[in-house]
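Please read the following report alongside the sequence and the three-dimensional view. It takes up a few elements in turn.

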Amino acid sequence: MLHTSYSFPLAFEANLVGDLLDTLKLAPRSTILDPFCGTGTTVLESKIRGYRSVGVDANPVCVMVSRAKTDWGIDVAQLKKRTAEIVQTASAQYARYLARFQAAKGKGKRYAAQSDPLFSTSHIGGYLVESGLLHRGWISPRPALKALLLAEEIRNAPSHLQDFLFLCFLGLLVPEFSNMAYGPEIYRKRKRHDSDVFGLFESRTKETLAKMEELRKSHHDAGSRVRFGDSVNGGLSFLPRGSIDAVITSPPYLSDHDYSRLTRLELVFTETVTSKDDLRAMKKFLLRSSSKNVYKGDSLAAEAIRFRAVKDAVAAVAERAESRSSGFARVYPRLVGEYFGGMYQHFRRIGRVLRAGGHAAYIVGDQSSFFATPIPTARILAQLAEECGAGLELIDMLPVRKLRGTRGQVTWSNSEWLILLHKS
C-alpha cells in the first residue's frame, strides 16, 4: 500500500483513520481535512474510501510525499521512461567518479568521494559537509554521492513527475542509503560504506507505481489537495468558511521531538535546506513543540496562559527548571506556553473552516518530557478547543494506547488519547 512508501514512526496508522471514518458515518463525497498531514495517512486513506481530502503541513518534505501519494493521474509510460533515464545518467556520472578514484589509487593517492567535483560543487554535497552531517556519519560518502546524483537528476525531470520520483527516493534515503534509523527519534545505527542506490531506486519506483496503478483500478478518485502551510496562523486561509465536513489529525506532540531533525536528510537531498538560514526559517514556521524551535519573538503563550491548567503546567516545569543549569532547562517553560498558545490559535482556525455539525478528531498524547513533569496535554487541549470561541464542543475523550519511556533515572507512563469535538 502507498502508506508505507514513505513514513516515519511518529505517523499514526492507516487503520486508525479508517476506524474514525467508519465511526463518523460521513456522507459520500464529504471533505476531510488533516491540518498536520505529515506523511499523508489521513488524506490517502480518505481518498481510498471515496472521500475528498485536504492536507496541510509546515514541512515541505511532508507536503511533497503526501501530494505524491494522492496524485493518481501520473503518466505511467512517461514515468517509466524518465526513471530509466535518471538511473542511466546518474550511473554514468558515478562511473566517472570511480575512474578518477581508480586513477588516484593507481598513483598511491587517496581520493575521497566528497573531494570529487560531482560532490564538492553540489549544493547538497556542500551542505552535507558544512552542516557536519557527513562528518557525524549520518550518511557515508559513497552512498551520499550516489544519492545526490539521483536527487539532482530527479530535479531535472518534468515538474509533474518530480513528486512521485522523490517519494520513491525519500522512502529509501534513511533505511537503505544512510547510516540512520528511527527509534522513535532518528539516531545513528550503522556504518554503511556503500549501497546499491541506483538499483534500489529503480526497484522501488516500479513497486510504488504498481501500487498506485492498483489503487487507480479499484478505487474512484475522489480528489485531494495538499498544501504547504502552518495551520496556526494563515495556513488554512485558502479554505472557505464551513467547507470541511470532518478533521482527522495528530498535531506535533509536546515531547521535545525536533520534527525537522526527523526529516533532516530528506530536507537536504530535496535542496529545501542548503544553509543554516534555510533550516532556521523552516523551524520558525513549525508549531512550537521542541526546545529547538522556540525563538525570542514568540508571543503565542499569551493566548493560553490565562487558563489555569496551562498556567499550572508552565509553573510546574519552571519550578523543576530552577535547579538545572542547562540552557534548554530555561526554554522548557516558555515552550509549554507557546505550544498551548499555538494550539489555541489553531482551534480558532479550525472553527472557521469546519461546517456546523462537523466533527474534529485529534490524536494527542499526555507528556512527561520536561524533567518528568506530568502534563495532561489531552485534557488541556480539549479545554482550549472548547474555550477558544470557535463553537467546538467536546464529545468524548477515549484512550488509544499507553506511552512509556525512561528519561535519566525516571520511568514515565502516559496515555495517548482521541479527542472528539463537534462544531455547533
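Predicted model: local features only at pLDDT ≥ 70, side-chain atom pairs only at ≥ 80, totals over all residues.

Residues are numbered from 1 along each chain as its sequence is written, and side-chain values use heavy atoms, with hydrogens and water left out.

Helices (H or I, at least four residues) and strands (E, at least two) are DSSP runs numbered from the N terminus. Strand β2, residues 52-57, is mostly covered, with five of its six residues buried, where buried means under 20% relative accessible area, exposed over 50% and partly exposed in between (1.4 Å probe, protein chains only).

| Pair | Bridges | Direction |
|---|---|---|
| β1 (residues 31-34) and β2 | four bridges | parallel |
| β2 and β5 (residues 224-228) | five bridges | parallel |

Val 54 of β2 is the bridge partner of Leu 33, and the bridge partner of Val 54 in β5 is Arg 225.

Helix α3, residues 60-70, is also mostly covered, since nine of its eleven residues are buried. Among them are Val 61, Cys 62, Val 63, Met 64 and Val 65, and also Lys 69. The cover over the buried residues of α3 includes β2 and β5, together with helices α2, α8 (159-177), α9 (197-218) and α11 (264-269).

The second largest pocket holds about 240 Å³ of space. A pocket here is an open set of points, on a 1 Å grid over the protein atoms alone, where a 1.4 Å probe fits, with protein on both sides within 12 Å along at least five of seven lines, and lining residues have an atom within 4 Å of a point. The volume is the space filled by probe spheres set on the points, which are joined across faces, edges and corners. Its lining includes Tyr 97, Phe 101, Lys 105, Pro 141, Arg 142 and His 193. Two or more lining residues come from each of α4 (76-106) and α7 (141-155), and α4 gives the largest share, three residues.

Ser 120 lies in helix α5, residues 117-120, and counts as partly exposed because its relative accessibility is 44%. Leaving aside residues up to four places away in sequence, Ser 120 touches Gln 114 and Ser 115, contact meaning heavy atoms within 4.5 Å. Gln 114 is also one of the residues lining the second largest pocket.

How values were computed
Pairing = 2+ DSSP bridges.
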